[in-house]
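Here is a short report for a first look at this structure. Please view the model, then read on.

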Amino acid sequence: METQVSQPGPAAKNLLINNGTSRRAIMDKAAQIGVTIGGTMVFVALLLIFFYLLYVIKPLFDSAEVTAVASAKYHDTKPALMVGSDEQNEIMYRVSQLGKVDFFDTETSQLLRTEQINTPVGANVVSSSAAMPNEQRFALGLSNGQVIIAGVEFGVSYPDNKRLITPKLRFYNGNAPLTVDTDGHALNHLVFDVSSDKMSFVYQGDDKVWRISRQEGEENMMTEEVEWVSYTGTIPDAPVNVQQQIMTPDQRQLILSSDNKLFVYDIRDAEAVSLRQVLELGRAKAKVTNVSLLAGASSLLVSYDSGLIQQYFQVNGEQGRQYQEIRGFENRAGIKSVASEFYRKSFVAITDEGNLSLLYTTSQRELFSENFDLKNPGTVGFSPRSNALVVEAGGKLNLFSVSNTHPEISWSAMWSKVWYEGYPEPKYVWQSTSGSDDFEAKLSLMPLAFGTMKAAFYAMLFATPLAIAGAIYTAYFMSPKVRAVVKPTIEIMEALPTVILGFLAGLWLAPLIEENLPGIITLLILLPTSILSSAFAWHKLPTKWKQRLPDTYQEIMLIPVILFIGWLSFAISPGLESAFFGGDTRMFITNELGITFDQRNALVVGIAMGFAVIPTIFSIAEDAVFSVPRHLSNGSLALGATTWQTLTRVVLLTASPGIFSAVMMGLGRAVGETMIVLMATGNTAIMEWSVFEGMRTLAANIAVEMPESAIGSSHYRVLFLAAFVLFIFTFFFNTIAEVVRQRLRERYSSL
């Protein structure tokens, strides 16, 4: 019995074909839409990252703003010694040179309270001196050789859940005067400073002799009480006509300003004061109007009636540390008042006509300049948070709001050499943190960008030849059986976590290289030599011997050679070290050659990061070479070209766009690498090409410092700027790679 199967008719066949075609069309359209949406979302994500980085970075370059807020009249004819406000800018204060202290409410401009420091009977105030602004402390020198030290304080309480700020004076010795001159000489031109265990006073007596009196506290081991010991001395070669006198807070230096000269004294030993330097400040037709200490007390600000302001600080030289002119600011003529912030390197300068300028020394730029109603200004002072400024002018205390969030940031400070305090010369420096509040931030991105390029250079120097040579051999010469094993093995290396590679590089490879450096150098010489020698020996072997060996696994025969050379190099390393390097290669490099040697250096990074980059370059380059159409190479061989000629003149030229893309992809990977350079280098932000020294890259710096940076701070935003620079780096390399790849493709597409 036969079973008959009915065949679909022509109409049914057409229906099936139409259904299949429409289904494929739908799938193709869906795939097209999906790819378009995916690509668009990637592009949108990149734009969002780009604009978010700009959003965080923008405040770094915003201009400073100074705005008049309030003013309060005072009724004291005596000049002010110091002015200021509390942290919340709710109360202003003014201390006169005779010890009268007035406190004003900034909201109502009303006088809150007045305190007059009382002097002993028969004594009167003959001089006064203010300490550094952050101390908010002053001293009154009396005619009987005594001194009264007081400071301004603000107590905070919360009655009925409302903040109440209470101003008060704090006396250093319980409101009792301290005897400075036991002979009762008047303390004229007093300058002082006080710490927990030392007090220093310098003054000029009625006999015109400058003297120093110091009291040092020493704790009694038995009674645990502080016993004060007094030391006295005179200031030798002191000028007669002194306009200003300054003492550094560490009580080590005394500076006297006289007739466009600065006399710098070493007062560490009160009984043996010595003159260390006489600094000529003279300018053509210009007179010194003010000398003051910048925050941190390492720099001097010298202003002239011509409008010039100069910064001086000590620099090591042949005669020791000497003050040297570093940078200047051209301002408007007639500078009357200068004041610096509590902790940062910003300062304000005000002219006779009321022009107020806000400047920053490290970045050497003018942050703000505007004219205000401040005719003939007097004493100026910042608030503790540097967000307000108090100016004495026209019988009023004037309060100004100051918005100066990131004064230390400028393009020149980040990309040019800067002369930082205490440094012998201008340098590129990244040093974002310190143990003191008066630290001068050093936020140059040049060492980080340099470290990024250095790490990428050594990684590519190690990885590119190996990866490309391996890719060419694998794609063009290697047998299919071995290629099927080698290619996936190398590609799977890319899946290794870079944190593991960095861990191994830092804890295993770095000590290994340090202990066997002669062996490593020997290995770099012997390994390529032995491979070439083996290839030459194989080429010279008789044909009948070659035929006895399997052609499929020729490259595997090199494994014993490589292993033997590696073992031999490390085996002879101790002998080479003893024979040529005195038994210690590291000490020889450091002492004899004068080259710094860090255990975690660029050599370690180059090997470790090169190992991570090799799979990327190898995979793309191998695919490019292997994808060259066979008819091109076969045609070349058929025309009589050798295998090597075909490779160099046909295959590599055709595959050059892919090979170049592979190298640029590897470079992009090396530039953005984080964990390997973080763990395998010393993370020192230096600018040295030496292979034996470390570096700090942009990516590693972000990973190290972002967790400890305060949100919204200059440090925090500069780290985002570093991320933006890294973003630009990778974008630049990728763009160049695409342009070159397209040109190579157009050039060799006709082959």
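Lysine 208 counts as exposed, at 58% relative accessibility (buried is under 20%, exposed over 50%, partly exposed in between, with a 1.4 Å probe and protein chains only). Its place is the loop between strand 12 (198-204) and strand 13 (210-219). Strands are DSSP runs of E with at least two residues, helices runs of H or I with at least four, numbered from the N terminus. Lysine 208 has a positive phi of about 70°, though it is not a glycine. Most residues other than glycine have a negative phi.

Glutamine 364 also has a positive phi, about 50°, and is not a glycine. It lies in the loop between strand 25 (355-360) and strand 26 (365-371). At 42% relative accessibility, glutamine 364 is partly exposed.

## Basis of the model

This is a predicted model: local features need pLDDT of at least 70, side-chain atom pairs count only at pLDDT 80 or more, and totals for chains, interfaces and linings use all residues. Residues are numbered from 1 along each chain as its sequence is written, and side-chain values use heavy atoms, leaving out hydrogens and water.

## Helix 3 and helix 12

The axes of helix 3 (residues 446-477) and helix 12 (residues 643-672) come within 9 Å and cross at roughly 145°. Axes are lines fitted to C-alpha atoms, for helices over the stretch in contact, with angles from 0 to 180 degrees between N-to-C directions. The contact (heavy atoms within 4.5 Å) includes Met453 and Ile468 of helix 3 and Leu647 and Val663 of helix 12.
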